[in-house]
Amino acid sequence: MKKHTKKGLKVFKESLLKIKAKLSEQISNVEKENLRTSQKDASGDLSSYTIHMADVATDNYDREFSLSMASGEQGVVYEIDEALKRIAEGNFGICLTCGCQIAKNRLKAVPYAKSCIKCQSDEERGEKKIQ
């Protein structure tokens with residue numbers, strides 16, 4: 001099994017850190033927009049009139065959707081942290097299921113991948129579970 005070069009690992013690490021910074025910024029923006037504003041501020045209605053129930057429902061749906069997206073992005077940030085840890089430990093790019101090397105093209109597309117394509121496909125079909 002051929003290991004990644006130091007230069008190659010540096011490129012992957014930089015890529016992971018860039019993605020992490022971008023996602024962290026997006027999560028922070030969602031938090032600012034959705035968690036730190038009141039319902040009245042979010043709707044832009046500064047009058048003292050009651051907000052219509054349909055408007056409230058739409059605003060709540062939009063907030064929940066945004067928070068759900070941020071939660072998914074936070075999951076990717078955790079995956080990136082794990083990949084950075086694997087780089088530090090010297091086992092980056094090795095499938096956690098079968099122990100084979102993950103294809104370089106897969107790592108270029110998903111640098112935080114923890115499974116080779118075959119094992120990932122098997123897992124998605126419910127045939128194998130990552131340990």
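Which helix does Arg 106 lie in? I looked that up first, keeping in mind that this is a predicted model. Arg 106 sits in helix α4, which covers residues 104-109.

**Entry: Arg 106**

Next I wanted to know which side chain of opposite charge is nearest to Arg 106. The nearest turned out to be Glu 124, and it is 6.5 Å away. A salt bridge needs a nitrogen and an oxygen within 4 Å, and Arg 106 has no salt bridge, although it is buried. What does the side chain of Arg 106 reach, then? I found the backbone oxygen of Ser 115, at 2.7 Å. I also listed the contacts of Arg 106, leaving aside neighbours within four places in sequence. The list reads Ala 113, Ser 115, Cys 116, Ile 117 and Gln 120.

**Entry: Ala 103**

Is Ala 103 buried or partly exposed? Its relative accessible area is 44%, so I noted it as partly exposed. Then I checked Ala 103 against Ile 117. The two are 14 residues apart in sequence, and their C-alpha atoms are 8.1 Å apart in space.

**Entry: the nonpolar core**

How many residues does the largest nonpolar core have? I wrote down 19, and the ones with the most contacts inside it are Leu 16, Ile 87, Phe 92 and Leu 107. Helices α1 (6-35) and α3 each supply at least two residues of this core.

**Entry: salt bridges**

I searched the whole structure for salt bridges and got 5. One of them joins the side chains of Lys 114 and Glu 79, at 3.4 Å from N to O. This pair links distant parts of the chain, 35 residues apart: Lys 114 is in the loop between α4 and α5 (117-124), while Glu 79 is in helix α3. I looked up accessibility too: Lys 114 is at 23%, so it counts as partly exposed, and Glu 79 is partly exposed at 24%.

Lys 114 also forms a salt bridge with Glu 82, with the closest N and O atoms 4.0 Å apart. Why does this pair tie together parts that are 32 residues apart in sequence? Because Glu 82 lies in helix α3 and Lys 114 in the loop between α4 and α5. Glu 82 is at 37% relative accessibility, so I put it down as partly exposed.

My last pair was Asp 122 and Lys 118, a salt bridge whose closest N and O atoms are 2.9 Å apart. Both residues lie in helix α5, 4 residues apart, or about one turn of the helix. Which accessibility does each partner have? Asp 122 is buried, with a relative accessible area of 4%, whereas Lys 118 is exposed at 54%. Finally, I noted that salt bridges with shared partners join Glu 79, Glu 82 and Lys 114 into one network.

Definitions and conventions:
Residues numbered from 1 in each chain as written. Predicted model: local features only at pLDDT ≥ 70, side-chain atom pairs only at ≥ 80, totals over all residues. Heavy atoms only, no water. Buried < 20%, exposed > 50% of the residue type's maximum accessible area, 1.4 Å probe, protein only. Lys, Arg positive; Asp, Glu negative; His and termini not counted. Polar contact = N/O pair within 3.5 Å; in protein donor to acceptor, adjacent residues only side chain to side chain. Contact = heavy atoms within 4.5 Å. Core = buried A, V, L, I, M, F, W, Y, C linked by side-chain atoms within 4.5 Å.
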